[in-house]
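Colleague: I'd like to learn how to read a model like this one, feature by feature. Can you walk me through it?

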Amino acid sequence: RQKSCTTIDFEAELNKRLPGQTVPQEGLDVLREGRKVVQKHSTHEDVETMIDYYKTLVNLQHHFYDAGKFCEVEFSWYDHFSGRKATSKSFDVEKAGVLFNIASLLTDLALTTDKSTDVGMG
């Protein structure tokens, strides 16, 4: 089962890092929705949302690194089994968590698909 997560105010974080620049609402929506997907049941749309979130993280990552400084955004996840909170300021750790959740969503979809029909096997 995928891990749960906390919400992040990406708009505030981006405004700190990119003063005077307008952050596109569409990009912010992708970031918000990507963090929400792990909190509900799996659908094909959820997988697409998580993939969009991953792509957005990849595109944003370079904005959060200055010479020798690390990311200032805190990504928090809760382990599904223990309930323990894990926090990281690493985009790479966040991206790994997203890939884990994409795999979990796909596994959940595969397990719940009716394989007795052509549609289920397609």
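Colleague: How many of the 122 residues of the protein chain, as a percentage, count as buried?

Modeller: Buried is a matter of relative accessible area: under 20% is buried, over 50% exposed, and partly exposed in between, using a 1.4 Å probe and protein chains only. Here 36% of the 122 residues of the protein chain fall in the buried class. Keep in mind that this is a predicted model, where local features need pLDDT of at least 70, side-chain atom pairs count only at pLDDT 80 or more, and totals for chains, interfaces and linings use all residues. Residues are numbered from 1 along each chain as its sequence is written, and side-chain values use heavy atoms, with hydrogens and water left out.

Colleague: What is the mean pLDDT of the protein chain, and which elements have the lowest and highest means?

Modeller: pLDDT is the predictor's confidence in each residue, on a scale from 0 to 100. The protein chain has a mean of 77, with 80% of its residues at 70 or more. Among the elements, strand β1 (residues 4-5) has the lowest mean, 60, while helix α3 (residues 44-60) has the highest, 88. Where pLDDT is low, the predicted coordinates should not be read in detail.

Colleague: And the secondary structure: how many helices and strands are there?

Modeller: Both are DSSP runs numbered from the N terminus: helices are H or I with at least four residues, strands are E with at least two. The protein chain has five helices and three strands, and along the sequence they follow the pattern β-α-α-α-β-β-α-α.

Colleague: Which residues of the largest nonpolar core touch the most other members?

Modeller: In soluble globular proteins, nonpolar side chains tend to be buried together. A nonpolar core is a set of buried Ala, Val, Leu, Ile, Met, Phe, Trp, Tyr and Cys residues joined through side-chain atoms within 4.5 Å. The largest one here has 21 residues, and F10, L14, L31, Y53, L57 and F75 touch the most other members. At least two residues of this core come from each of α1 (10-17), α2 (25-37), α3, β2 and α4 (91-112).

Colleague: What is Y53 in contact with, leaving aside its neighbours within four places in sequence?

Modeller: Contact means heavy atoms within 4.5 Å. With those neighbours left aside, Y53 is in contact with F10, V30, L31, G34, R35, F75, E94 and V98. For the whole protein chain, take contacts between residues at least 6 apart in sequence: 63% of them join residues at least 24 apart.

Colleague: Where do the buried residues of α1 fall, seen down its axis?

Modeller: The idea is to take the arc of the directions from the helix axis to the C-beta atoms. In α1 the buried residues are F10, E13, L14 and R17. They fall within an arc of 95°, so they line one face of the helix.

Colleague: How many aromatic pairs does the count come to?

Modeller: Rings of Phe, Tyr and Trp (its six-membered ring) pair if their centres lie within 6.5 Å; planes under 30 degrees apart count as stacked, over 60 as edge-to-face and the rest as tilted. That rule gives one aromatic pair. The rings of F75 and F91 have centres 5.2 Å apart and planes at 80°, so the pair is edge-to-face. Since F75 lies in strand β2 and F91 in helix α4, the pair ties together parts that are 16 residues apart in sequence. Both F75 and F91 are buried.

Colleague: Polar contacts next: which side chain does S76 reach?

Modeller: A polar contact is a pair of N or O atoms within 3.5 Å; within protein, one must be able to donate a hydrogen and the other to accept it, and residues adjacent in sequence count only if both atoms are side-chain atoms. S76, in strand β2, makes such a contact with the side chain of T87 at 3.0 Å. S76 is buried, with a relative accessible area of 4%.

Colleague: And what joins the side chains of Q61 and D92?

Modeller: A polar contact of 3.1 Å. Q61 sits in the loop between α3 and β2 (75-78) and counts as buried at 13% relative accessibility. Not counting residues up to four places away in sequence, Q61 touches F91, D92 and K95.
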